[in-house]
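Hello,

Here is the structure I promised to pass on to you. Have a look at it first, and then read on for what turned up.

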Amino acid sequence: MITLKSSHEIQLMRQAGRITAAARALAGAMVAPGVSTREIDKAVYRFITSQGAVPSFLHYNGYPASVCISVNDEVIHGIPGHRVLREGDIVSVDVGAYKDGFHGDCAATYPCGEISEEARRLIEVTRQSFFEGLRYAREGYRLPDLSGAIQRYVESNGFSVVREYVGHGIGSKMHEAPEVPNYVEPRMGRPRFLRGMTIAVEPMVNAGGAAVKVMPDGWTVKTADGRLSAHYENTILITDGEPELLTDPDAKPE
Ligand code: CO
């Protein structure tokens with residue numbers, strides 16, 4: 001069942017979303033050669049808790065950190081640790097915050113110093129694919145209109161969309177109905193967008209093939225071919241007009 005949020009609930013989701021977006025910005029600003037992924041995780045934990053919020057990912061299905069940091073051929077769910085970032089890396093940061101009963105969830109891929117031309121283009125196409133999908137995130141369209149727009153944009157730029165992981169509804173739980181795939185298949189559901197729906201749209205884009213594999217740590221997902229991957233995500237609200245980005249990249253915490 002897809003829940004529709006009341007105006008009060010939307011107010012609370014805006015609050016969670018602002019904290020989540022600020023945590024992403026903080027993490028992104030720390031990406032630099034010589035910084036360890038654990039340092040970034042610690043800073044994000046301190047920031048989220050300082051806002052009276054809880055890191056949504058910490059202890060989720062046993063996940064051991066506040067943020068997922070996925071470097072280069074890591075697609076998603078990279079666990080922060082001793083790894084030290086190096087010039088030329090691309091660094092995907094995914095973070096969630098829970099405040100007053102509601103979650104925000106967002107991600108972005110950041111360059112570490114100077115990066116290759118292919119890496120730069122992958123990051124830009126991934127981010128833009130989100131905004132291509134967003135054009136259909138409004139009443140009058142259905143979910144596969146959004147999914148198809150993301151897929152078309154990514155594939156027409158010569159990259160591929162990950163199939164095994166998808167976006168999702170979000171609210172009082174981090175993962176709610178519906179699933180929000182970044183590709184279209186004939187047999188999937190075609191829910192209509194209605195005002196009050198809140199969803200996390202999150203294209204995961206590979207420079208090479210779409211195939212991925214899970215590492216022995218049980219979390220880290222890598223590209224099967226070892227090529228680069230990028231991620232971009234925002235929590236959004238369907239309205240009677242333009243969608244609202246609840247994890248706006250420009251938002252500041254209260
Ligand atoms: Co998500």
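To begin with, which strands form an open sheet, and in what order? There are three of them, β6, β10 and β13, placed in that order and paired in the antiparallel sense. Please keep in mind throughout that this is a predicted model.

**The cobalt ion**

Next, the metal. Four residues coordinate the cobalt ion: Asp105 through OD, His168 through NE2, and Glu202 and Glu233 through OE, at 2.1 to 2.3 Å. The angles among the four donor atoms run from 85 to 170 degrees, and the site is classed as irregular. If you want to find the donor residues in the sequence, look for the spacing D-x62-H-x33-E-x30-E. Glu202 sits in the loop between β9 (198-201) and β10, while Glu233 sits in the loop between β13 and β14 (234-237), so this pair ties together parts of the chain that are 31 residues apart in sequence. Glu202 and Glu233 are both buried.

**Aromatic rings**

How many aromatic pairs does the structure hold? The count is five. One of them joins Phe130 and Phe131, in an edge-to-face arrangement with 4.9 Å from centre to centre and 85 degrees between the planes. Phe130 also pairs with Tyr232: the ring centres are 5.4 Å apart and the planes stand at 75 degrees, so this pair is edge-to-face as well. It connects distant parts of the chain, with Phe130 in helix α3 and Tyr232 in the loop between β13 and β14, 102 residues apart. Through these ring pairs, Phe130, Phe131 and Tyr232 are linked into a cluster.

Phe131 has 24%, which puts Phe131 in the partly exposed class.

**Strand β9**

The last stop is β9, which is covered on both faces. Thr198 and Ala200 lie on one side, Ile199 and Val201 on the other, and all of them are buried. β9 pairs in the antiparallel sense with β7 (residues 167-169) over two bridges, and there Gly169 stands opposite Ile199. With β14, the antiparallel pairing of β9 runs over four bridges; Leu237 in β14 is the bridge partner of Thr198.

I hope this helps you find your way around.

Best wishes

Key:
Residues numbered from 1 in each chain as written. Predicted model: local features only at pLDDT ≥ 70, side-chain atom pairs only at ≥ 80, totals over all residues. Heavy atoms only, no water. Pairing = 2+ DSSP bridges. Donors = N, O, S within 2.8 Å, 3.2 Å for Na, K, Ca; no water. Tetrahedral: all angles 85-135°; square planar, octahedral: opposite > 155°, others 65-115°. Buried < 20%, exposed > 50% of the residue type's maximum accessible area, 1.4 Å probe, protein only. Phe/Tyr/Trp six-rings, centres within 6.5 Å; stacked < 30°, edge-to-face > 60°.
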